[in-house]
Amino acid sequence: MTEAVEYDVVVLGGGPAGENVVDRTRAAGLSTALVESELVGGECSYWACVPSKALLRPALARADARRVPGLAGSVAGPLDAEAVFAHRDYWTGSWKDDGQIDWLESVGAHVYRGHGRLYGVRKVAVTSPEGEHHVLSARHAVVVATGTRAVIPDLPGMRDARPWTSREATSAQAAPGRLLIVGGSVVATEMATAWQALGSEVTLLVRGSGLLPRMEPFAGELVADALREAGAVVRTGVAVESVVRDGSTGPVTVVLEGGETVEGDELLTATGRSPRTEDIGLDTVGLTPGGWIAVDDSCRVPGIDWLYAVGDVNHRALLTHQGKYQARIAGSVIAARAAGNAALDDGRWGTHAATADTEALPQAVFTDPEAASVGLTLAEAQRAGHRVRAVDYDLGKVSGAGLYADGYRGRARMVVDLDREILLGVTFVGPGAAELLHAATIAIVGQVPIERLWHAVPAFPTISEIWLRLLETYRG
């Protein structure tokens, strides 16, 4: 190994979480190095959030337009798939990270391309693609932000069948004739929506009883109904036993429990994520390679005062926006400690605590209809011992929703803590519903009392009038 190059902070992993740590530590005047083995910008920028939304936006816009009188007939035809793919490619930079590198250099960060591994206390060893070796030493902190990868189920024939994961599903250049999807959560439902709209015959094979299991049950029900109406097949309560592929490019046959078979041209597995920690040197600091990295609310690893983990790799909240939030928290903690400030504001909702990970976690699913939620579901609130009431309202009965689209179908729920009369959770399902989410997030994070929410008057005629209807229903 060469002589160590010293920085204040070394960040291992250049996805959104890692980049946000760099942003915060550089803003605090700390010298920072970032190590990335693939594309700087990470999974979200090239194979997840960004390309998936580029594929979904035309599908959702067309679905909305088909519900608008005077416009519906003009959008009756298929999507221009080539234009959709070109738009997706533009947003991914055609899988080149020049723009991300330019930004990092503009803020004074040092980028090392290659595989990084922890190398004992406050050190990271980097091997470049050309075989060069570097050792980076951190005066104050090392931050692990290596993210996750898609899990491929360990089933007979699965790997030999070369299934799609989220990477292939968001980067493919042509719609398969028949797409089988194993799973029922966010990736599965969004990709079913996108590829059905782009011309594939989609079949969802779901082990559980419904879609989107981490949301209120009605969210998955409404999304499943819409997928079926669009032509997709949604099968719940089915388990895959094995997979067979005919040759190198032939059809894929999925064998279900009981022996039934389902055939497609491509198979997407969307059954979870695993941490990318198997070869990053965790063993050199007493942690288990291949596992999730546990952290406290400041995103610091307990017992190792210089090591932090942000984003998916800590398993607190596998969402890009939460990883960026954690990065902002961790960056502020590192900066405060580097400045000699030992008295951190790390209590609940403090400057140095990622409280929202557990108490106000927002998520938007860009299916048709969209599903958006923040905080606790009714079942979660009840399991936590809160005395609660769920208030439901038909979103389609709001004037703004009716003007947005003919036959608007949706539903809203707020979960009220009856002892404190504040909101613990809110869920919206319906076209355009994702844009309602941040108001709910603010209400929960701010613990705004119901009596004060009554004075937050929604403009007429917007879909946001759902807030007035929910409050009226609560008051009776």
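**Salt bridges across the chain**

R122 is partly exposed, because its relative accessible area is 27%, where buried means under 20% relative accessible area, exposed over 50%, and partly exposed in between, computed with a 1.4 Å probe on protein chains only. The model is a predicted one, in which local features need pLDDT of at least 70 and side-chain atom pairs count only at pLDDT 80 or more, while totals for chains, interfaces and linings use all residues. Residues are numbered from 1 along each chain as its sequence is written, and side-chain values use heavy atoms, with hydrogens and water left out.

The partner of R122 is D305, and in this salt bridge the closest N and O atoms are 3.8 Å apart; the term stands for a side-chain nitrogen of Lys or Arg within 4 Å of a carboxyl oxygen of Asp or Glu. Because D305 lies in the loop between β15 (273–275) and β16 (307–309) and R122 in the loop between β4 (115–118) and β5 (123–127), the pair ties together parts that are 183 residues apart in sequence. Helices (H or I, at least four residues) and strands (E, at least two) are DSSP runs, numbered from the N terminus. D305 has 41% relative accessibility and therefore counts as partly exposed.

The salt bridge between the side chains of R149 and E278 has an N to O distance of 3.1 Å. Here too distant parts of the chain are linked, since R149 belongs to strand β7 (residues 148–150) and E278 to the loop between β15 and β16, 129 residues apart. R149 counts as partly exposed at 32% relative accessibility, and E278 counts as partly exposed at 44%.

A further salt bridge joins E263 and R178, with the closest N and O atoms 3.0 Å apart. This pair connects strand β13, which holds E263, with strand β8 (residues 178–182), which holds R178, and the two residues are 85 residues apart. E263 is partly exposed with a relative accessible area of 42%, and R178 counts as partly exposed at 25% relative accessibility. Elsewhere, E38, E43, R167, R273 and R276 are linked in a network of salt bridges, and the count for the model comes to 31 salt bridges.

**Strands and their partners**

Strand β13 also belongs to an open sheet of three strands, in the order β11-β12-β13 and with antiparallel pairing; two strands pair if DSSP finds at least two bridges between them. The edge strands, each of which pairs on one side only, are β11 (240–245) and β13 (261–264). Strand β12 (residues 252–256) pairs with β13 in the antiparallel sense over four bridges, and V254 has V262 of β13 as its bridge partner.

Strand β8, the place of R178, pairs with β14 in the parallel sense over four bridges, and I181 has L268 of β14 as its bridge partner. In a regular strand the side chains alternate between the two faces of the sheet. Both faces of strand β14 (residues 266–269) are covered, with E266 and L268 buried on one side and L267 and T269 buried on the other.

**A helix and its cover**

Helix α8 (residues 217–229) has 13 residues, which at 1.5 Å a residue should span 18 Å, and its end C-alpha atoms are 19 Å apart, which agrees; the expected span is 1.5 Å times one less than the number of residues. The buried residues in α8 are F218, A219, G220, V223, A224, A226 and L227. What covers them includes α7 (186–197), β9 (201–206), β10 (233–236), β18 (370–375), β20 (411–417) and β21 (422–430), contact meaning heavy atoms within 4.5 Å. After α8 comes G231, whose phi is positive, near 115°.

**Backbone details**

Most residues other than glycine have a negative phi, and most peptide bonds are trans. C299, although not a glycine, has a positive phi of about 70°; C299 is found in the loop between β15 and β16 and is buried, with a relative accessible area of 0%. The peptide bond from D368 to P369 is cis, with omega near 10°, and P369 is found in the loop between β17 (362–365) and β18.
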